[in-house]
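Have the sequence and the 3D view ready as you read.

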Amino acid sequence: MSEEQRSLAATPVPCQDVQGDERWMSLHDGFVSYSKGKEPEVLFVGDSLIQLMHQFGIWRELFSPLHSLNFGIGGDATQHVLWRLINGELDSISPKVVVLWVGTNNHGHTPEQICEGIMAIVQVIKDKVPHAHTLVLSLLPRGKAPNPLRERNAKVNKLVQTALLSLPHASFLDVDSGFVQPDGTISHQDMYDYLHLTPQGYQSVCEPLHKTITALLDKPAEN
């Protein structure tokens with residue numbers, strides 16, 4: 001495997017416009033434009049699990065009062081979020097906390113590559129918003145029954161958690177409240193399609209997440 005292949009998840013690239021409607025780039029451009037003049041305390045960035053959070057009451061209840069922005073795009077992998085943050089989404093804002101949730105869509109990448117991509121994003125956030133704290137959320141289990149992607153996500157979590165231990169400006173939060181039941185299955189009441197969260201699933205994730213964010217906001221700014 002070449003060095004380029006090994007680093008694919010950490011190489012910033014825009015999402016390929018396979019549908020031909022330029023929707024992804026339009027969303028990115030919208031985030032860049034919308035952020036101008038805003039002063040968010042918290043920025044959420046990632047894939048559909050971030051994007052859809054904005055549509056539930058839990059967002060209005062817990063995160064809107066914290067002056068939060070949501071820059072989630074469904075289907076994004078690490079390399080797409082990396083490109084977005086390098087290309088303008090952090091240029092006009094200076095949040096105190098950046099919540100990062102991405103990696104489950106990195107199909108074809110190894111856990112090591114996905115970890116590399118996540119850590120590359122953490123570094124870009126540090127470079128562009130030096131005083132922000134990056135909170136990396138654990139990848140959730142997926143699929144109704146045990147499967148290789150669950151195993152991959154679990155390994156990514158271990159690698160990322162270890163990689164973040166030495167960084168004062170970033171930390172890891174396990175947001176899996178026990179979605180896998182004793183028989184190894186995931187309930188559709190928590191994940192309606194065994195990937196995306198129901199309102200009940202978001203409640204389980206967001207309540208501890210809110211506590212962690214508020215604690216970070218109460219801390220002095222990072223140096």
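## The largest nonpolar core

This is a predicted model, and its largest nonpolar core has 35 residues. Leu85, Leu100, Ile118, Ile121, Val160 and Leu164 are the ones that touch the most other members. Which helices and strands each supply at least two residues of this core? On the helix side they are α2 (23-35), α5 (78-89), α6 (111-128) and α7 (148-164). The strands on the list are β1 (42-46), β2 (68-72), β3 (97-101) and β5 (170-173). The largest share comes from α6, with nine residues.

There's also a second, separate core, made of 30 residues. Among its members are Ile50, Leu66, Val97 and Tyr202.

Start with Leu100. Setting aside neighbours within four places in sequence, Leu100 is in contact with Val45, Val81, Ile118, Ile121, Val122, Thr134, Leu135, Val136 and Leu137.

Now hop over to Leu43, which is in strand β1. Is Leu43 buried or exposed? Its relative accessible area is 0%, so Leu43 counts as buried. Again leaving out neighbours within four places, Leu43 is in contact with Leu69, Phe71, Leu90, Ile93, Pro95, Val97, Val98 and Val99. Lys126 is 83 residues away from Leu43 in sequence, and 13 Å away in space from C-alpha to C-alpha.

## How α5 and α6 pack

For α5 and α6, the axes come within 9 Å and cross at roughly 10 degrees. Angles under 35 degrees count as roughly parallel, so that is what we call α5 and α6. Their crossing is left-handed.

Which residues meet here? From α5 come Thr78, Val81, Leu82, Leu85 and Ile86. Facing them from α6 are Ile114, Gly117, Ile118, Ala120, Ile121, Val124, Ile125 and Lys128. Sort the residues of this contact by type and you get 10 nonpolar, two polar and one charged.

One more stop in helix α5: Arg84. Why does Arg84 count as buried? Because its relative accessibility is 0%, and the cut-off for buried is under 20%.

Not counting residues up to four places away in sequence, Arg84 touches Trp24, His28, Phe31, Val45, Gly46, Phe71, Gly72, Ile73, Asp76 and Glu89.

Note on methods. Residues numbered from 1 in each chain as written. Predicted model: local features only at pLDDT ≥ 70, side-chain atom pairs only at ≥ 80, totals over all residues. Heavy atoms only, no water. Core = buried A, V, L, I, M, F, W, Y, C linked by side-chain atoms within 4.5 Å. Buried < 20%, exposed > 50% of the residue type's maximum accessible area, 1.4 Å probe, protein only. Helix = DSSP H or I, 4+ residues; strand = E, 2+ residues; numbered from the N terminus. Contact = heavy atoms within 4.5 Å. Axes fitted to C-alpha atoms, helices over the stretch in contact; angles between N-to-C directions. Parallel < 35°, antiparallel > 145°, perpendicular 65-115°, else oblique. Left-handed = near helix turned anticlockwise from the far one by under 90°. Nonpolar A, V, L, I, M, F, W, Y, C, P; charged D, E, K, R; others polar.
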